[in-house]
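This briefing accompanies the structure shown below. Please keep the model in view while reading the points that follow.

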Amino acid sequence: MLVNGQWVDKWDPVQAKDDQGRFVRQTSSFRHWITPDGSPGPTGNGGYQAEAGRYHLYVALICPWASRTLIVRKLKKLESWISLSVVEPFLTEQGWRFGDFQGATHDHLHQKQYLHEVYTMAASDFTGRATVPVLWDKKNQTMVNNESADIIRMLNQAFDHVIDNKINLYPDALSDEIEQWNQDIYQNLNNGVYRAGFATTQFAYEEAYHHVFDTLDKIESRLHDGRPFIHGASMTETDIRLFVTLIRFDAAYYGLFKCNRNLIVQMPKLSEYLKRLYAIPEIQETVNLTHIKQGYYSMQSLNPNGIVPIGPDLVV
Ligand SMILES: N[C@@H](CCC(=O)N[C@@H](CS)C(=O)NCC(=O)O)C(=O)O
């Protein structure tokens, strides 16, 4: 991680833990918002107006948080508005690296080798982990936001006045319901699988494991009435948040993170739901199973010899 702008120590996936061995994720530090007129968003400062070609997204295809921003960028047809760089799937001793691995790219903007160098361009004394996603402002040469929850929310509406795209992943009428689901899904499933995988006590692992499967059971039974998406007929933010974890589950979380009561493919409604989402081209284009497997199984503390399992194929 970076301390006062200097890279220190070897990369360790366990960001922090509490006194009972629970994995604790770092909070994001750049929280500005792109808005239609540059006025401030819910957090941070103003000055980030939606303009063609002004912004850049840094992602990792292994990463569920980065992938949700990629999905929204595609669904909202923002590819020509927001350019993209993709890091390699392996976690190096200096964190995320750009390069030639298939599906990755170089840093088109700054020709940096490591993502942490992009962080120190934005804040030369930055202390913290250099995480993806990063939304970058080319005009002011700084970081707008590194919190995917903010990024998907802002991409859903900041450019609506200039693009012809009517998809709304966060309709007013559903906002309360979406917020409730977000909290539940984040804590118990999206981050729940990481809490199981990175637990450092049996207690913390079992607690997280039960949260993961209680949540999957709850979703399986909700889908029993035949609804195509979690909140009914239309896809919302909740579906995107679920998809990124479900698509990684059988390939990575079941084995590496020990979330092994059952596979998603063994849950009939959930696997139909996953297939339905995966059939949407804009979503499918963001999934790279090679990056997912190589990336997760390169985490040395969980898999010291770095052997990548052959199976399973994509579950959908
Ligand atoms: N709150 C962040 C979390 C992002 C995050 O933890 N990303 C992971 C990859 S899945 C990362 O970049 N980790 C690098 C590290 O911890 O050094 C978000 O949702 O945007």
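Leaving out residues up to four places away in sequence, Thr 238 touches Ile 178, Trp 181, Asn 182, Ile 185, Ile 230 and His 231, where a contact means heavy atoms within 4.5 Å. The model is a predicted one, in which local features need pLDDT of at least 70 and side-chain atom pairs count only at pLDDT 80 or more, while totals for chains, interfaces and linings use all residues. Residues are numbered from 1 along each chain as its sequence is written, and side-chain values use heavy atoms, with hydrogens and water left out.

- Thr 238 belongs to helix α7, residues 237-253; helices (H or I, at least four residues) and strands (E, at least two) are DSSP runs numbered from the N terminus.
- With a relative accessible area of 0%, Thr 238 is buried; buried means under 20% relative accessible area, exposed over 50% and partly exposed in between, with a 1.4 Å probe and protein chains only.
- The side chains of Thr 238 and His 231 are joined by a polar contact of 2.7 Å. A polar contact is a pair of N or O atoms within 3.5 Å; within protein, one must be able to donate a hydrogen and the other to accept it, and residues adjacent in sequence count only if both atoms are side-chain atoms.

**Overall architecture**

- The protein has 10 helices and 6 strands. Its radius of gyration is 19 Å, close to the 20 Å that the globule rule gives for 316 residues, so the protein is as compact as a globular protein of that length. The radius is taken over C-alpha atoms, and the rule is 2.2 Å times the number of residues to the power 0.38.
- Along the principal axes, the C-alpha atoms fill a box of roughly 50 × 45 × 40 Å.
- Of the 316 residues, 54% are buried.
- Among contacts with a separation of 6 or more, 66% are between residues 24 or more positions apart.

**Helix α10**

- In helix α10 (residues 289-297), the buried residues are His 291, Ile 292, Lys 293, Gly 295, Tyr 296 and Tyr 297.
- These buried residues pack against α1 (64-75), α5 (192-197) and α7.
- The N-terminal end of α10 is capped by Asn 288, a side-chain oxygen of which lies 3.1 Å from the backbone nitrogen of Thr 290.

**Two buried tyrosines**

- Tyr 48, in the loop between β2 (6-7) and β3 (55-59), counts as buried at 9% relative accessibility.
- Apart from neighbours within four places in sequence, the contacts of Tyr 48 include His 32, Trp 33, Arg 54, Asp 137 and Met 143.
- Tyr 278 lies in helix α8 (residues 268-278) and is also buried, at 15% relative accessibility.

**Backbone features**

- Most residues other than glycine have a negative phi, and most peptide bonds are trans.
- The peptide bond from Val 132 to Pro 133 is cis, with omega near 0 degrees; Pro 133 sits in the loop between α2 (115-122) and β5 (134-137).
- Gly 311 and Pro 312 are joined by a cis peptide bond with omega of about -10 degrees, and Pro 312 is in the segment after α10.
- Gln 111, in the loop between β4 (82-86) and α2, has a positive phi of about 55 degrees although it is not a glycine. Gln 111 is exposed, with a relative accessible area of 60%.
- Lys 258, in the loop between α7 and α8, is not a glycine either, yet has a positive phi of about 60 degrees. Lys 258 is partly exposed, at 43% relative accessibility.
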